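Try each task before reading its solution.

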Amino acid sequence: MSVLGGGGAPSGRGGSQDGGLRDGGPPGGGAGPDAPAQRRYTPDFVTDLFRNPLDPGYAEAARRRAERGEPSRRSRLSARVARTVVLVLAGGLLAVAYHQTVASTPESDQIQSSLVGDVRSRQAETDAMQKQADELRDQVSKLRDDALGDGDSGALQTLEAMTGVIKVRGDGAVVRLTDAPPQIDPVSGQQTENLGKVQDRDLQSVCNELWRDGAEAIAINGERLTATSTVRTAGETILVDFRPITSPYQVVAIGPDDLQKRFDGSSTGELFRELATDYHMQVSVKSQNDLTVAAAADPQLHYAKPLTSATASTPSTAANRTSGSPDPSPSGGR
Amino acid sequence: MFAVLALIAGVALGVVFEPSVPLALQPYLPIAVVAALDAVFGGIRAKLEGIFDDKQFVISFVSNVLVAALIVYLGDQLGVGSQLSTGVVVVLGVRIFGNVAGIRRRLFRA
């Protein structure tokens, strides 16, 4: 970019500053002092910067040296010491800056990766424990089936299926709700309030409608609903049994064959069609065969205590089953 | 040659001692590095052109670093720190490129 001599005739800044330092000073610089009659345009700062990147001081110092001769030996020595110190400083600065940039990134990275590791190991732990719990539950149910008579175990399984303690499968319907895409105001370009966002109320009314239409097992995004399940909002997220779920919401229900028709014919179905047309919420209701609904988390009793714990070891009777239906065995109760 | 050795010694010292920079000075470190690089390349070019001067080099280094840091500090106080540091980097970068081009021309005649 910097021009060698040729185009640089206007030497600017009174000529004294950059007169002699143009890249070894080709004779072009001579035009400066003897052309006062000509109209001269001083180069602006940026042009000057591009043309003469070298500090003008060097040229001036060289000229001064040429005028006054070499400085004394002592001052040369001190100048050399100063130069060395500055060079050492510059090198140190480079090293420190490098160290700082390299050292500061791993620090945050380290923390993050250790957190990620923590999360992973905890997840693995939970998975392992979940697996163990499943195995133990299988064992328990097998042992119980052995201990119970045929009729009793069948009745117990039905009860379990109804209460959501075990996985169930069957035909039914799937209701899918998706948040409307964010609306952007065409004038201001800002996001307007999204009225088509799925709320906890929407999910609640879908579930209630499905129950009313005869659904026997419902799961929202894989979370099985039981008698004590909650669907509510915390901040921006919807929680089902305190577990956060996000859009798209998939409500899987097992029920009668005409579940979808019943849902569509209900006032709730009507409401959601309106939501879809007016607020662009995406709603789909489909009939589907062979659905699987997962088991809910084990119900935990914090306050209530089963009355029949003393009789848990005795082989079951009809009375025992009815009064102790939440399975009072200590192994299952955690 | 001696100068290169001094520079390397500085780097070695920095690596060995790993001095920790106070938190308040950390934002100025990158700018200081660019300013120091400008002074160093200016010095190299002056050396190659035979007009190197110790005093000029020392003063340009110190003032470059201080002024660059001062400008960034002022910018931070005024709320335009990032813009001003961009400006400093552009100006110093142009100078570094120009000086390196001069060095290149000296060394390779190209």
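**Exercise 1: neighbours and core**

Find the contacts of B:A35 beyond its sequence neighbours.

Leaving out residues up to four places away in sequence, B:A35 touches B:N64, B:V65, B:A68 and B:L92; contact means C-beta atoms, placed from the backbone, within 7 Å. This is a predicted model, where local features need pLDDT of at least 70, side-chain atom pairs count only at pLDDT 80 or more, and totals for chains, interfaces and linings use all residues. Residues are numbered from 1 along each chain as its sequence is written, with chains lettered from A and ligands numbered from 1 in the order written.

**Exercise 2: a helix of chain B**

Describe the span and surroundings of helix 2 (29-48) of chain B.

Start with length: helix 2 of chain B has 20 residues and reaches 28 Å from first C-alpha to last, close to the expected 28 Å (1.5 Å times one less than the number of residues; helices are DSSP runs of H or I, at least four residues, numbered from the N terminus). Next, burial: 16 of these 20 residues are buried, so the helix is largely enclosed by the rest of the structure (buried means 20 or more other C-beta atoms within 10 Å of a residue's own). Finally, B:G50 follows helix 2 of chain B and has a positive phi, near 80°.

**Exercise 3: the chain interface**

Which helix gives the most to the side of chain A that touches chain B?

First, 33 residues of chain A are in contact with 41 of chain B. Then, helix 3 of chain A gives the most to that side of chain A, with 19 residues.

Conventions: Two residues are in contact if their C-beta atoms, placed from the backbone, lie within 7 Å. Helices (H or I, at least four residues) and strands (E, at least two) are DSSP runs, numbered from the N terminus. A residue is buried if 20 or more other C-beta atoms lie within 10 Å of its own, exposed if 12 or fewer, and partly exposed in between; C-beta atoms are placed from the backbone.
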